[in-house]
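Q: I am new to this structure and would like to learn how to read it. Could we go through it together, feature by feature?

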Amino acid sequence: MVPFLTTPLALLALLGIPVLIAIYFFQRRFRDREVSSLMLWAAIRPPAASGRTRDRVRLPLTFWLELLLIILLALAAAGPLLPSWSRHRPLVVVLDDSLSMQVGARERGRAFLDRELSNRGYSPVRYVFAGETPQLAGETKLDGWTCNAPSADLEAAAGLALQIGGPAALVLVVTDRAPEREPPSNVRWMAFGEAQANAGFSAAARSAREQDGALFEVTSYARRPLTTALTITSAGRVLQRTNVSLAPRARQRLRVALPPGLGAIEARLGDDAAAYDNRVTLLPERPKPVRVALRIADEQLRNAVLSAVGATGRANVVDGTADLTIADSAAPPWSLEIARGNARSAYVGPYVIDRSHPLAAGLALEGTAWGASRPQMAGQAVITVGGKALVTDETNAGGAHRVRMSFDPAASNLQRSPAWPALFWNLLEWRASELPGLRAANVPLGAIVTLVVPTGNDGTNGTDGTNGNPIGPMSPMSPIGPIVVSPPAGRPQQVTAEGRHVRIAATRPGIWSVTAGNERYQFAVNAIATGESDLSKSTRGEWGRWNEQTLRAGGYENLAWLLLLVALAILLWHQKVTAVAA
């Protein structure tokens, strides 16, 4: 077993070996002289054995004893720790699972791990993958080290490793970045990165309007100007090819008009240090409009509501089956019931808004006058003023909502303020989030994608293969069947819906498919993570060392006492040899 040295600088004491050799090899020469008597030589001080003249000598036993003594004392001062055969040495390895590890650091880190684990007797060995949230590796262990996370919370992963192995556990961090602070005594930090120039996509989006188009943002993370090629294709056909010139640490946006009816498009940049940020895939963004039925008798109120609904661009006003009903009387969920009444006065605030409610997103009512009648409304209060509820929300057993609003347009200026269309935008967005299908066709890596599956009895329509556009009526009683998620270049997995919602972690770039009974959905995941594209902070090095206390608790024994004991025995032997020679 290879030992640990707690104080490796103590090995500098081995520099005394050349000094010892010089003392024995460079001595003064003696000449034979004939004298008449030795009576007076006893009073003369004998010359020193050392000198500047090199002479051939036969190394005595004292030399080898002194040489061995120097070696033993140097090793004892270095604090050698050897594995104890009577105890296990647990090790928890924290693996940086972020994208930047793909640029050579994963291969170098894995080679280091192979050497480390083969040379030392760790048992057991556990692995923690450091992504946005740390995860304990399963049975596959290193096979699950894919390095596809958009970021790595290494401190949280190290904390999880300490919880798994205990306060005395040996923790080894394998990454490509330096630590933000000095690691604890039981954490050894190894970085295998390399700073390189790089350019990549920092943003990509596709228009959700009738006129299709795409927006790309390319960022340089280099210290020098660079030029990269941008190629946009669809179904193997090149739509546009151009060169993008970037100043150091600069970004550039490009807008591209797309032909109508185009399917998925792919944009690529020229090859550079990192390949994961040089490609994005965008599916068509065609959000399904919300069917709205207006049942408002009052013409003034109807016109105000119709204007706000039309300004959102998210609604189709229909006379038949609707997803949302807006009425001035009782209506079934989903619905907005506006109780007009005759307001005796208008409220000007201060308004109390439940910011956790979907209707309250970005809603600002300062400076508005809200006319409302006195009757109380059932449901949870969303907007109140002076202890009176102006907007409430009531949920039935099936999860459908009935929103009630007390509002008199004759005594209000709310319908002429920006808050009016914002309120209806929130209402339609909220309702759209509960309709079958995906909210977005293109998401960044690491996002949680929510799919609302049809219940089979809500009368919703079937959808196409992209993002939930209707293709035909669906039988109200048709079963949903199993829900299967197919990641790109991966095995399909069957998942379970939470009510009507399926939540999917977008852990891999590419096009994902979800099948729910007879319905099929697709969404594209793109590796857009500026923190991982910037390779200027990648480095190599080692920080932190396992101290003696941690190593001993982890199954190592300090052998300094044994070396000192042997050194003492050799010293006694040396004294005996020199006494006999004298």
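Q: How do the axes of helix H1 and helix H2 cross, and within what distance do they come?
A: Two packed helices are described by the angle between their axes and the distance between the axes. Here the axes of helix H1 (residues 16-25) and helix H2 (residues 61-78) come within 10 Å and cross at roughly 170 degrees. H1 is therefore roughly antiparallel to H2 (angles under 35 degrees count as roughly parallel, over 145 as roughly antiparallel, 65 to 115 as roughly perpendicular and the rest as oblique). Axes are lines fitted to C-alpha atoms, for helices over the stretch in contact, with angles from 0 to 180 degrees between N-to-C directions. Helices (H or I, at least four residues) and strands (E, at least two) are DSSP runs, numbered from the N terminus.

Q: What should I know about the model before going on?
A: This is a predicted model, in which local features need pLDDT of at least 70 and side-chain atom pairs count only at pLDDT 80 or more, while totals for chains, interfaces and linings use all residues. Residues are numbered from 1 along each chain as its sequence is written, and side-chain values use heavy atoms, leaving out hydrogens and water.

Q: Which residues make the contact between H1 and H2?
A: Contact means heavy atoms within 4.5 Å. From H1 come Gly 16, Ile 17, Leu 20, Ile 21 and Tyr 24, and they meet Thr 62, Phe 63, Glu 66, Leu 67, Ile 70 and Ile 71 of H2. By class, eight are nonpolar, two polar and one charged (Ala, Val, Leu, Ile, Met, Phe, Trp, Tyr, Cys and Pro count as nonpolar, Asp, Glu, Lys and Arg as charged, and the others, Gly among them, as polar).

Q: At what angle do the axes of H5 and H6 cross?
A: The axes of helix H5 (residues 299-312) and H6 cross at roughly 65 degrees and come within 8 Å. H5 contributes Ala 304, Val 305, Ala 308, Val 309 and Thr 312, and H6 contributes Trp 420, Pro 421, Phe 424, Trp 425 and Leu 428. This contact has nine nonpolar residues, one polar and no charged ones.

Q: Which members of the largest nonpolar core touch the most others?
A: A nonpolar core is a set of buried Ala, Val, Leu, Ile, Met, Phe, Trp, Tyr and Cys residues joined through side-chain atoms within 4.5 Å. Buried means under 20% relative accessible area, exposed over 50%, partly exposed in between (1.4 Å probe, protein chains only). In the largest core, of 42 residues, Val 305, Ile 326, Trp 370 and Ile 383 touch the most other members. Helix H6 (residues 419-433) gives the most to this core, with eight residues. Another core lies apart from it, with 25 residues, including Tyr 276 and Ile 483.

Q: Is Ala 235 buried or exposed?
A: Ala 235 is exposed, with a relative accessible area of 85%. Its phi is near 55 degrees, a positive value in a residue other than glycine.
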